[in-house]
Amino acid sequence: MTTDYRTLAREGIWTNNGVLSMMLGLCPTMAMTNSATNGLGMGLATAAVMTASTLLVSIFRNHFSQEVRIPVFVLIIATTVTIVDMCMNAWMHELYKVLGLFIPLIVVNCLPFARFEMFSAKNSPLPSMADGFFMGVGFTLALTVIGAVREITGSGTLFADASLLLGPAFKFMEMRLLPEDTGILMMILPPGAFLVTGLLLVAKRMIDERSGKAVPVSAAHCAP
Amino acid sequence: MSSQRTLIHGMILGAFCLGFGMLLVMTNGFTVDEIALRAIEDRQNSLAQVIPDSIHDNNLATDTLILKSDQGNEVVAYLATKEGKVTGVAFETSSPGYSGAIKVMLGVDLDGKILGARVLAHKETPGLGDKIEVKKGDWILRFTGLSIGNPPLDKWKVKKDGGQFDQFAGATITPRAVVKAIREGLQFFDANKTKIMEFKADKTQTKNTEADKAPK
């Protein structure tokens with residue numbers, strides 16, 4: 001089977017997007033999107049872990065039997081997350097202070113498991129890594145957009161504290177769009193996450209329908 | 001037959017556990033010292049915010065004293081010393097807020113006056129209760145320089161309870177908890193003042209004996 005990286009990219013970022021099509025990884029999506037910066041940070045950490053862990057699963061795909069694959073997947077994702085956690089704590093401590101909270105949460109994300117099962121366990125290392133990476137990018141984009149909408153409506157800022165995450169060079173990203181204390185508090189509290197995610201799902205479906213594309217089959221299971 | 005298959009699966013899983021376990025041990029070995037260093041640096045940074053540099057010449061994070069609180073919990077006190085004399089102390093105090101404990105690092109000088117207070121960790125509602133963080137507002141800075149007696153003990157409350165500290169619009173429980181944590185911290189300092197002074201005695205003694213030996 002030849003791999004078409006462009007298809008992988010399109011699938012990961014749009015047609016088969018982890019959050020907005022497959023509805024996976026909703027726990028970190030809901031919990032970590034109270035600002036665009038948090039969404040971006042969680043997304044980037046997940047993308048890094050997914051790229052590394054899909055590669056590992058793919059390398060060992062012929063060495064574990066069907067019966068024990070789930071425990072092996074758990075082992076691989078837990079190991080990758082722990083290693084990323086320790087390395088970031090030791091050598092990227094400033095970033096770790098911002099992201100450190102999110103990293104252990106990646107273990108409970110269903111998206112890597114879905115990709116191990118559907119892709120990495122059946123494909124060679126490079127395409128698997130690309131799949132993990134693009135799925136991670138799609139996840140990052142979805143989380144950043146949800147975070148941005150919630151942050152603008154809830155606190156009136158956009159990418160507040162982005163320089164803490166990305167370094168002082170990104171100070172220009174920090175914007176205040178609405179005057180202080182005008183935001184709707186509910187949007188940065190848990191209900192806002194459900195509202196915004198739901199509305200974005202609707203928006204994506206509408207764009208897909210308007211462009212004449214059928215709703216992908218994989219999304220059918222969450223359709224009514 | 002089937003038990004043999006089970007055995008094989010077990011061996012495969014065992015091999016993976018062993019391999020990845022070793023990988024983790026190696027990573028831990030490489031990073032453990034760095035992580036410990038970073039933790040000390042963090043501790044020093046948070047201590048530097050509540051104890052001004054001018055009053056100490058020691059390493060705050062390493063000169064510690066374990067004290068017992070009224071509830072029987074151990075409290076680590078970080079001592080500021082200058083030329084061997086204790087000049088101040090910093091310790092953590094906490095009180096339950098709207099959701100979960102609010103931890104405050106409190107720096108106090110020997111007269112019981114607050115050198116600085118900073119919220120270390122809290123889970124208050126974003127946008128309402130988080131104004132207690134120094135980066136979201138200067139509310140916490142107004143405690144600097146106060147002590148029990150200034151204002152008097154019965155004024156160590158938020159205004160709603162008849163005290164002198166402002167609450168925020170929409171949040172009373174959070175500032176009430178912070179005021180309580182700081183008030184209790186000061187009372188804890190009073191109760192343990194002699195022990196904190198004793199630390200100085202120990203320290204100067206060891207220094208003196210070293211100094212005595214040196215010229216001979």
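**Exercise 1. Find how S3(B) and S4(B) pair, and what joins them.**

Step 1. In this predicted model, nine bridges link S3(B) to strand S4 (residues 101-109) of chain B, and the pairing is antiparallel.

Step 2. Take one pair as a landmark: B:Pro96 has B:Ala101 in S4(B) as its bridge partner.

Step 3. Now look at the turn. Four residues lie between S3(B) and S4(B), which form a hairpin. B:Gly100 in this turn has a positive phi of about 85 degrees.

**Exercise 2. Follow S2(B) to its partners on either side: which strands does S2(B) pair with?**

Step 1. Strand S2 (residues 74-82) of chain B is joined by six bridges to strand S3 (residues 85-96) of chain B, and the two run antiparallel.

Step 2. The hairpin of S2(B) and S3(B) has two residues between the strands. One of the turn residues, B:Glu83, has a positive phi of about 50 degrees.

Step 3. Strand S1 (residues 64-68) of chain B also runs antiparallel to S2(B), with five bridges between them. Here B:Lys68 stands opposite B:Glu74.

Step 4. S1(B) and S2(B) form a hairpin too, with five residues between them, and B:Gly72 in the turn has a positive phi of about 90 degrees.

**Exercise 3. Move to chain A and describe how H1(A) packs on H7(A).**

Step 1. Two packed helices are described by the angle between their axes and the distance between the axes. For helix H1 (residues 5-15) of chain A and helix H7 (residues 125-155) of chain A, the angle is about 30 degrees and the axes are 7 Å apart.

Step 2. Angles under 35 degrees count as roughly parallel, so H1(A) is roughly parallel to H7(A). Their crossing is right-handed.

Step 3. Residues in the contact include A:Tyr5, A:Leu8 and A:Ile13 of H1(A), and A:Phe134, A:Met135 and A:Leu141 of H7(A). By class, the contact has 11 nonpolar, two polar and two charged residues.

**Exercise 4. Is H3(A) roughly parallel or antiparallel to H7(A)?**

Step 1. Helix H3 (residues 36-59) of chain A packs on H7(A) at about 165 degrees, with the axes 7 Å apart.

Step 2. Angles over 145 degrees count as roughly antiparallel, so that is how H3(A) lies to H7(A).

Step 3. This crossing is right-handed, and the contact has 16 nonpolar, 13 polar and one charged residues.

**Exercise 5. Check the span of H7(A).**

Step 1. With 31 residues at 1.5 Å a residue, H7(A) should span 45 Å.

Step 2. The end C-alpha atoms of H7(A) are 43 Å apart, which agrees.

Step 3. Just after the helix, A:Gly156 takes a positive phi of about 80 degrees.

How values were computed. Residues are numbered from 1 along each chain as its sequence is written. Chains are lettered from A and ligands numbered from 1 in the order in which they are written. This is a predicted model: local features need pLDDT of at least 70, side-chain atom pairs count only at pLDDT 80 or more; totals for chains, interfaces and linings use all residues. Side-chain values use heavy atoms; hydrogens and water are left out. Axes are lines fitted to C-alpha atoms, for helices over the stretch in contact, and angles run from 0 to 180 degrees between N-to-C directions. Angles under 35 degrees count as roughly parallel, over 145 as roughly antiparallel, 65 to 115 as roughly perpendicular and the rest as oblique. A crossing is left-handed if the near helix is turned anticlockwise from the far one by less than a right angle, and right-handed if clockwise. Contact means heavy atoms within 4.5 Å. Ala, Val, Leu, Ile, Met, Phe, Trp, Tyr, Cys and Pro count as nonpolar, Asp, Glu, Lys and Arg as charged, and the others, Gly among them, as polar. The expected span of a helix is 1.5 Å times one less than its number of residues. Two strands pair if DSSP finds at least two bridges between them.
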